[in-house]
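Good morning, everyone, and thank you for making time for this.

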Amino acid sequence: AKPDSGENATAAIYEALSAAREVDNPRLFFPPGRYDFGERGDGHHGRIAIYVHDIDNLTIEGPGAELFFEGLTAPFEFARCNNLTIRDIAIDWDDPPFLQGEVVGTGDRSFDVRVDPGFTVTGGEPVEAYQDYDPDTRLPKFQGIDQYHAVLRTELVEEQTLRLHLEAWGQIPREGALAVLRKQVYDYNAFFFDQCEDVIVEDVTVYTVPGMGFVGQRVHNITLRGVAVRVRDGSRRLMSATADGSHFIGCAGEIVIEDALFERMGDDAGNIKTGLYLTVQEIEDENTLTARHNLGMRNVPGTGEKMEFAADDTLLAYATLKVAEVEELPGQTVRMRFAEPLPTEAAPGHVAGNVTSVATAHIRNTTVRDNRARGFLIQTRGAVVEDCRFENVSTAGLFIMSEVEHFFESITPRDVIIRNNVFENCGYGSPPAEGVLMVHAWLANFEFPPKPGVIQGVVLEDNTIRGGNSSGIVVAGAEDIELRGNDVREVCAAPHRTDTAGAIYIQSSRNVTLEGNRARLEEQADNCKAALLLGPGNELETFTDRGNTGFVLD
């Protein structure tokens, strides 16, 4: 592959990978320069440009190498590769998978965007999602539009001006706003690792991609060190990846993210989850039931794996059973027969999450900034987030969570430590959030759990929170949680939920320790009701209150 030649490098890469299979500890090296890849690679692997499978001890590196892709293309996918190292390369598109520009006109069911120079617009482009940005801050607009799947068609009405025709329910931004139009949101990830082991990614930069930056699925041990999902300097782009910066599902061992930068993604900086909840459809006999994911996503547990059951109206776990036999049925439904009898509580509508592969996570010295959506979602057991900075994150900076409202992601977290992090101006925009640092589950209709014990063993220690439209810290449905040395100021400027509008809000929790925190009412925004606001369902006799500044436990 010749750098800076403009030639399609795909064939040369596959030739090199074939040679790599013939040697021990192969090293695929990109000399400095630019490498071009046509849309969808060479066509042999569908949407994937570079598909690498069943090669162990492989190193891919290219200090000074930049790989450019076109259209709907997933740059790299790795399957069953062990002891894999990738370092010192960058990923970009000349034509990003989104458009941006100023809203210059509106109609009854349409609006016009004058697209910025440097973005090719021809008319007829698909737009899966659009959002308005503030022209002064160049951040997602406060209480702005965040719309998915509302564009019927687009047309070019004059040079660099695109008209978007909307569904009846599509929202129309105001003239003068900046708009980001995501042509593609998910599915075309920069680096996808499937069933790999001992993966290290170092000093790799993703400037844009029509999907996520780094994805691990059923990976055992993965480290992202010094990586960045960020906007290229001087580009004036409002977005980097159109979806998550990083995403992990069903992994085992340890997930490490350190010395990283995530900025301006279309979705979260990172989501660490064990999998998806299956909803019980029918109890067939004392050992057997059918279940499916609520959105029809394929999610099939393996024989011998363990499923944890919980009631959908509490998310409190009540049994863990081993799968003896699995059968896939039409409609993404699975029939599971268990080695033990089903518990008497089991009923249609309850959910089961796979607890076989549960990775620990360690995120440290990492920055998330100027982002739509959240910082990190923690949906695993045994996690530490420390010495990180979250700045201008439009919704929650950090969310320790589980939910059975929409995506039905699992499982309920346990044993999580969040310490020595800084949150500045988080939870300010759209989509809205209950708080900056959140520890709770969502039940149907975004309701909080009514009882303690959904999330267990959480420590929030020495975190600094400055600014935010909603609460600083929100806790609901927790058990054995410690809040120590946290400093909360300038929150509740425009609360998403007025009933939770405290600097610290706690509901439906037991065994709560509040020690050495600072949250003074006079140091919060005008709409803050209390430094410490207690909602329903708390077991106050199990609370401990020592040495806090600005509040005492009533």
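Let me start with Lys-273, which lies in strand β23, covering residues 270-273; strands here are DSSP runs of E with at least two residues, numbered from the N terminus. A word on the source: this is a predicted model, in which local features need pLDDT of at least 70 and side-chain atom pairs count only at pLDDT 80 or more, while totals for chains, interfaces and linings use all residues. Residues are numbered from 1 along each chain as its sequence is written, and side-chain values use heavy atoms, with hydrogens and water left out.

Is Lys-273 buried or exposed? Lys-273 counts as buried because its relative accessibility is 9%, and buried means under 20% relative accessible area with a 1.4 Å probe, protein chains only. Its side chain makes a polar contact with the side chain of His-247 at 3.1 Å, where a polar contact is a pair of N or O atoms within 3.5 Å, one able to donate a hydrogen and the other to accept it, and residues adjacent in sequence count only if both atoms are side-chain atoms.

Turning to Asp-370, this residue sits in strand β32, residues 367-371, and is also buried, with a relative accessible area of 18%. The side chain of Asp-370 makes a polar contact with that of Asn-392, at 3.1 Å.

Finally, strands β39 and β42 pair in the parallel sense over three bridges, pairing requiring at least two bridges found by DSSP. Val-422 has Thr-464 in β42 as its bridge partner, and β42 also runs parallel to β45, joined by four bridges.

Definitions and conventions: Buried < 20%, exposed > 50% of the residue type's maximum accessible area, 1.4 Å probe, protein only.
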